[in-house]
Amino acid sequence: MKNQQYAELYFVLSTLLPITSRRLLKDDAHTLRILGYRAICSCALLRYKESAEDGMACLDIRRRLHEVGCAVSSGDDQRLSVQVDECVMRALVMGERYEEADKVASFLLSTSSPPFCGAGGEHLAADGPTTSMWQSAIPHIKRFRGAVVAHQWRDALAVIDSEESGTSDARACLRASPLCAMLAFVHLESGHPMTARALLLAYLADLPEPPMWEVMLTAPSEHGQLWDSFRSHYVFATTLLAKASVMSGSAYLNIAAALLQRCLRVLPLYTPARLLAEFVLSYEAQQELLETAVSAQDFPAALHLSARMLAMPEVNPALQAEVYLARTQIQWLRCLPLEVVREASQCVAADPACALALRLRADALEAMDQGAEAVADRAAARHLNANVEAAYAQLQAQRQRYDAAQRVAASQRRSFTAFAAAAPTASHRPDHLWGASDSGTHTSPHAADAGFRCARAKTDSEDPPSPSPLQTSAACSEPTHYAILGVPRHATLSEIRQRYRHLILQCHPDRLVNASAESRQQAAEEFKRVSNAYSVLSDAEQRRDYDATVHPFI
């Protein structure tokens, strides 16, 4: 029990029960303990029907033992009785048997003594809701589940957050039961991902980790059937936590990737986890390319990549705000105030608490002689974040460096233009370019050409030999983007995207948690090559330019 090995204990307890007869003796305290522990194991494995049956059988035995004067007296038996009572209430409520649960609670509260002082030593009863809490929570839980079924998220939260009697008990029961995942889902649908994360983190920390799918392949079929309900719920709750992490911003993408990896190790074919994992890996790859482009001050490429990131259907408001903020900074560095206002407004629409976007928009509005709006945005930014001016100062220093680099580049372009204009063209080439004698007389082109051929023949022995066909082939043996992705040159965009998603799941470094550093480094390099190849081939213009470049070698 302490190690949460509920499946193993369930099989052991089942073998200890009478096989030939299901009749329970009135004074069989041994059978009472076996059924009680099995009810706890069934409840932990989310097999609520079996848990309710065993728990009700325990209550019947206890009632009969009490009638003949054999009441439970030892501390362990009292602790077990408290846990069984809680499991019965939990199983009936989770099975939506509310009327039966209310009757059982009334019976337990009228016939039982107060809960044992030391109850809660075992895992299930540790700080768990009591029978009285379950009974007072029943009407609120019933209304909450009805609102969720009707997709009325606000009404569902209103039921739990109201000040009515019993709502605090209802919140405690929801957080301590699988209904916590339902509550977290409601918060996600209501736009509160951080609240959903906090609920699921606390809930999943108390759950046992189910066996991996490799273990289940070699386990008996009865073992797999026993874990089915729990595995499905565990993967659903963990995927929900990963989704809440993604909706909380890019800072939690690594956590989401690790959670999804755990889900796929339990149920590899769980579609929601696979789809979310593909999005996370693809977004991380695009984000890395975007950061590289911004660091290299390749702003056109950065804007192109950010536009593609915004076009992803799974992008949520938190990620949209981050991408729009990056675009706002790029346009601000390029001194385009109108574009800054447009991008910053998009950012504020996705995240009204983004102080830096408001500060940059204030600067752009001031440059456009809209002083009143600029003052309002600047005040709002300072109200949201007192340190926004420090971040703005860092951007100003970056802008100065960018302007200096632009001036140097412009100067070099002007120098090259002046040099090209001063250079003689082919139509104004002087005659002495064909060769001149020391006496000042010009030689004819034919004579100069003959001299050139003579000099060339003289120095041929000193020139290095020309490369052989094998050497030329080796120089051009660098794999193409098509070879990296393993697709033909005429592959369609859907084929390229499908192949990219398949490869990115195989070579992502997060999948090699227990691998060596060298293996992880090789996976990271392969991940970069695949991402770079996909970024080129998935864009029609870049792919056309690339095909024109590599066509001679294909």
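Analyst: First, the term: a nonpolar core here is a set of buried Ala, Val, Leu, Ile, Met, Phe, Trp, Tyr and Cys residues joined through side-chain atoms within 4.5 Å, with buried meaning under 20% relative accessible area, exposed over 50% and partly exposed in between (1.4 Å probe, protein chains only). This is a predicted model, where local features need pLDDT of at least 70, side-chain atom pairs count only at pLDDT 80 or more, and totals for chains, interfaces and linings use all residues. Residues are numbered from 1 along each chain as its sequence is written, and side-chain values use heavy atoms, leaving out hydrogens and water.

Now the core. The largest one has 149 residues, and those touching the most other members are Ile141, Phe144, Val246, Phe279, Tyr283, Leu485 and Val530. Its largest share, 11 residues, comes from helix α12 (residues 221–247); helices (H or I, at least four residues) and strands (E, at least two) are DSSP runs, numbered from the N terminus. Zoom in on Leu485: leaving aside residues up to four places away in sequence, Leu485 touches Ile496, Arg499, Leu503, Val530, Ala533, Tyr534 and Leu537, a contact being heavy atoms within 4.5 Å. In soluble globular proteins, nonpolar side chains tend to be buried together.

The chain averages 81, and 80% of the residues score at least 70. Where pLDDT is low, the predicted coordinates should not be read in detail.

Technical notes: pLDDT = per-residue confidence, 0-100.
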